[in-house]
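Open the model in your viewer and keep the selection tool at hand. We will go stop by stop.

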2 protein chains.
Amino acid sequence: MDAYQTIKESIIIGKYRPGMRLTEEFLAGELNVSRTPIREVLKQLESEGLLTPLRRGMIVRSFSKEDIRQIYDLRTLLEGYAAGQAALFRTPTDLQQMREANRLYEQVMDQKDPEEISSILKIVRANQHFHEAIHVASHNEHLRFHISKVVVLPLVFQSFYWYDRLERIRSLESHQTILEAIENRDSERARIAMHEHIYQGRDKVLKHLDELSMEDLKEGKND
Amino acid sequence: MDAYQTIKESIIIGKYRPGMRLTEEFLAGELNVSRTPIREVLKQLESEGLLTPLRRGMIVRSFSKEDIRQIYDLRTLLEGYAAGQAALFRTPTDLQQMREANRLYEQVMDQKDPEEISSILKIVRANQHFHEAIHVASHNEHLRFHISKVVVLPLVFQSFYWYDRLERIRSLESHQTILEAIENRDSERARIAMHEHIYQGRDKVLKHLDELSMEDLKEGKND
DNA sequence: CTCAATTTAATTGTATACAAAAAATGTGTG
DNA sequence: CACACATTTTTTGTATACAATTAAATTGAG
């Protein structure tokens, strides 16, 4: 795995926590490369919105509730549109890809150690496959390109991290609903179903944030 | 002006034409800096979609008619949404900024030498000011961030380059229509007016491309 | 002891050298 | 003359040194 993927994944899974400062030298040491390739990775991750530039160096971006609302509003808009377009323009191959992605999701849905990070990552990736199959099926390269930048993987990871078995099943079911709408060329239905599906993920992240701040209050961590 | 702005503007105004190959060494010589800062600029411009990576080096991206349709569909979706949100959440300051931008546009609209590149750039910037004022007024940082990446400046430049006086006036008028809707907190009206306004720009670019290929046909340049 | 000024350390920005990879050129053979 | 193969040149990727900038620590005055 190259430097970009390694650092990105560390941010996604929270090994580098929000607010943590990342210096070029530190990362260069961590990955045993010089600062030159690290610099490029940092610039890249900044443009993806995963890092916030400081006057000196970068910190891992943290997302407020308002950030999450805004990001997910955007996702519903763009991915909803993509689902609608996919319903209009999908090819048989596109449909096959979506079905395949859902099969994969079913396989990895309940694994031995569902708390393990690598298990969560597998589920996240299967989920991504389905969504990306729809983006491809929209047959709009630019839409695809920009959606990939709107989707903030650390948040997606979080929502799946906190999903229990029932919620995973419900997520798969909504995938099936979206898929059916696209099969039936029902554009508006596909858009709305995707809209709702994404808001479910948003609500999970928001709810978890609430629970966290509740606990903080109990423990008197109100600073 | 720094390396990033210099190179970006050269692409926008077409000094570096679509398809032209840009090597690090060439640009380093051109701007009298070393390759290091140039590399970062190239990566940045690639992520903005202005450059296409080759196996070795980059070429200036060229946009097909299909690209243009897709890009402008995205713009209508996002900027339309932004206009709608602006109608709901705008503050008095926001409105002031929009009015100010339109005043500026009126000032630079008919200048001495309207064919001159710097004149066109002034109009493009005034136009940008109005649009950005709306993005700010939507009070959604993430929406703003992503719209800035969806708007492809070389295409905006082109559409204004080919606008005649009447079309510039019409463009200002549609700004006024959008502004009124936002003043009246008429969200849906603002969204639709913005939608239509952006499609006008798209059509100009597409029409000009048509005229170009017509001329090519006449001159027997069908290769 | 507190705060400002100055010094010191940490960190990024840029240039440059060299290694690695790809593209272009040249050469010989059928 | 076309084409495969070897050679040269171009161009990018990485490491590293040093300059410029910012943050941290220290010192001294009030």
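**Stop 1: the DNA backbone**

Select A:Glu24 and DNA strand C. A polar backbone atom of A:Glu24 sits 3.2 Å from a phosphate oxygen of the DNA strand. Keep in mind that this is a predicted model.

Now select B:Ser34. Here too a polar backbone atom faces a phosphate oxygen of DNA strand C, at 2.6 Å.

**Stop 2: a base**

Which part of DNA strand C lies 2.7 Å from a polar side-chain atom of B:Thr36? It is a base nitrogen.

Next, colour helix H3 (35-47) of chain A and H3 of chain B. These are the elements that give two or more residues to the surface near DNA strand C.

**Stop 3: the whole surface near the strand**

Seven of its residues are charged, four are polar and two are nonpolar.

Then turn to the DNA side. Look at the atoms of DNA strand C within 4 Å of the protein: 51% belong to sugar or phosphate, and the rest belong to bases.

**Stop 4: the sheet of chain B**

Find the open sheet of three strands, with antiparallel pairing and the order E1-E3-E2. Which strands are at the edges? They are E1 (21-22) and E2 (51-53) of chain B, and each pairs on one side only.

Select strand E3 (residues 58-60) of chain B. Two bridges join E3(B) to E1(B), and the two run antiparallel. Zoom in on B:Leu22: it stands opposite B:Met58 in E3(B).

Bring back helix H3 (residues 35-47) of chain B. This helix packs on the sheet and touches E2 and E3 of chain B. The direction of H3(B) makes about 100° with that of E2(B).

**Stop 5: two copies**

Show chains A and B together. What rotation superposes chain A on chain B? A rotation of 180° does, with 0.0 Å of shift along its axis and an RMSD of 0.0 Å. The two copies are therefore related as by a two-fold rotation axis.

Finish on A:Glu40. Of the residues of chain A, A:Glu40 comes closest to the rotation axis, with its C-alpha at 3.4 Å. Both copies use the same surface: 100% of the contact residues of chain A recur in chain B.

Note on methods
Residues numbered from 1 in each chain as written. Chains lettered and ligands numbered in written order. Predicted model: local features only at pLDDT ≥ 70, side-chain atom pairs only at ≥ 80, totals over all residues. Heavy atoms only, no water. Pairing = 2+ DSSP bridges. Helix = DSSP H or I, 4+ residues; strand = E, 2+ residues; numbered from the N terminus. Contact = heavy atoms within 4.5 Å. Axes fitted to C-alpha atoms, helices over the stretch in contact; angles between N-to-C directions. Least-squares fit on C-alpha atoms with pLDDT ≥ 70 in both. Near = heavy atom within 4 Å. Polar contact = N/O pair within 3.5 Å; in protein donor to acceptor, adjacent residues only side chain to side chain. Nonpolar A, V, L, I, M, F, W, Y, C, P; charged D, E, K, R; others polar.
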